[in-house]
Amino acid sequence: MRRVFSMEEWDERGRRMEELSVRLAQQGFIIKRPPIEQQTRKSPQKRALLKKLYGPTGQS
Amino acid sequence: MDQPANPDFKQRERIAARVSAAFKARGYQLVQYGGATVEQFSRGRYTTSDVDLGFIDAAPPLEVRAEVMASLGCERGTRLYLLEGVVVDLGGHAELLSSRLVEISTPDGTLLLEAPEESLVQRVLMSVYPQEDDDQKKAALILMTQALAGHLPLDWNEVERLAALPGFKIQSVVSAYKKEAEELISKVT
């Protein structure tokens, strides 16, 4: 039942995913995730660690 | 002190494969699940900042987990580890609903990912329960658009099966989102 991909195959799919994502973003379809501290499905310990490591947004 | 940059999804992919390979050498198989997998399936458009891994069969004893993670250079921990700037959340047995996993052969070892169908249905559920969540809805729409475009391997019959399971019962939401995804695709192709 598993679907198996080589790195090359997966990256090629990824390249096409990226192209589609860019076109979707040009239509205004963008995911803007909330800051780490508001991502309440993460455990408090994980939120604290991510915030400590990467700052309040948790993103570079 | 400046905050270090959050590693990108490709680095998280490499780390997940390295950790998986280290446990495989001890006879344990890991699978990546949750938001970290959505990140892989969305090519980093949905970011999680960490890597969630669980064991396909029984999880190893804590001592073995600690030994393996220490062999990779991690400080002793119980669940959360830091490896080359990437936070690794090493859970127990992964209770998966679908066996249609994705297996990627990477230079760092084989990486197993939760079924895209399961990733999708989980995001759809989180978009409406316990309250509406636009972030999760967009994640679901991204997965759907990539699947409709033929980039993400996804079996819609499996999606329907999962969506109908007790605890989900979200077939109507899946159908509505699929229509939205089809409209999105029609605008860009």
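Trainee: How do α5(B) and α7(B) lie relative to each other?
Mentor: Helix α5 (residues 134–148) of chain B packs against helix α7 (residues 171–188) of chain B at an angle of about 60°, and their axes are 9 Å apart. α5(B) and α7(B) are therefore oblique to each other, since angles under 35 degrees count as roughly parallel, over 145 as roughly antiparallel, 65 to 115 as roughly perpendicular and the rest as oblique. The axes are lines fitted to C-alpha atoms, for helices over the stretch in contact, and angles between N-to-C directions run from 0 to 180 degrees. Helices (H or I, at least four residues) and strands (E, at least two) are DSSP runs numbered from the N terminus.

Trainee: And what should I keep in mind about the model and its labels?
Mentor: This is a predicted model, in which local features need pLDDT of at least 70 and side-chain atom pairs count only at pLDDT 80 or more, while totals for chains, interfaces and linings use all residues. Residues are numbered from 1 along each chain as its sequence is written, and chains are lettered from A and ligands numbered from 1 in the order in which they are written.

Trainee: Which residues of α5(B) and α7(B) meet?
Mentor: From α5(B) they are B:A140, B:L141, B:M144, B:T145 and B:L148, and from α7(B) they are B:Y177, B:K178, B:E180, B:A181, B:E182, B:L184 and B:I185; being in contact is judged by C-beta atoms, placed from the backbone, that lie within 7 Å. By class, this contact has 8 nonpolar, 1 polar and 3 charged residues, where Ala, Val, Leu, Ile, Met, Phe, Trp, Tyr, Cys and Pro count as nonpolar, Asp, Glu, Lys and Arg as charged, and the others, Gly among them, as polar.

Trainee: What about α4(B) and α5(B), are they roughly parallel or antiparallel?
Mentor: α4(B) and α5(B) pack at an angle of about 150°, with their axes 7 Å apart, and they are therefore roughly antiparallel to each other. The residues in that contact include B:L120 and B:V124 of α4(B) and B:A140 and B:L143 of α5(B). By class, the contact of α4(B) with α5(B) divides into 9 nonpolar, 3 polar and 2 charged residues.

Trainee: What's in the loop between α4 and α5 of chain B?
Mentor: B:P130 lies in that loop, between α4 (116–128) and α5, and the peptide bond from B:Y129 to B:P130 is cis, with omega near 5°. Most residues other than glycine have a negative phi, and most peptide bonds are trans. B:R43, in the loop between α2 and β2 of chain B, has a positive phi of about 60° although it is not a glycine.

Trainee: Switching to strands: which way do β3(B) and β4(B) pair, parallel or antiparallel?
Mentor: Strand β3 (residues 80–83) of chain B pairs with β4(B) in the antiparallel sense over 4 bridges, and for two strands to pair, DSSP must find at least two bridges between them. B:Y81 has B:V88 in β4(B) as its bridge partner. β3(B) and β4(B) form a hairpin with 2 residues between them, and B:E84 in the turn has a positive phi of about 50°. By contrast, strand β2 (residues 50–55) of chain B runs parallel to β4(B), joined by 5 bridges, and B:D50 is partnered there by B:V87.

Trainee: How many residues of chain B are in contact with chain A?
Mentor: 34 residues of chain B are in contact with 33 residues of chain A. On the side of chain B that touches chain A, β4 (86–93), β5 (102–106), α5 and α7 each supply at least two residues, and α5(B) gives the most, with 6 residues. That side of chain B divides into 15 nonpolar, 10 polar and 9 charged residues. Strand β1 (residues 3–6) of chain A also pairs with β5(B), in the parallel sense over 4 bridges, and the partner of A:V4 is B:E103.

Trainee: Last one: how is chain B divided into domains?
Mentor: Chain B is divided into domain 1 (9–113) and domain 2 (116–188), with bounds that come from an automatic or database domain assignment. Their centres, taken over C-alpha atoms, are separated by 24 Å, and the contact takes 11 residues from domain 1 of chain B and 15 residues from domain 2 of chain B.

Conventions
Contact = placed C-beta atoms within 7 Å.
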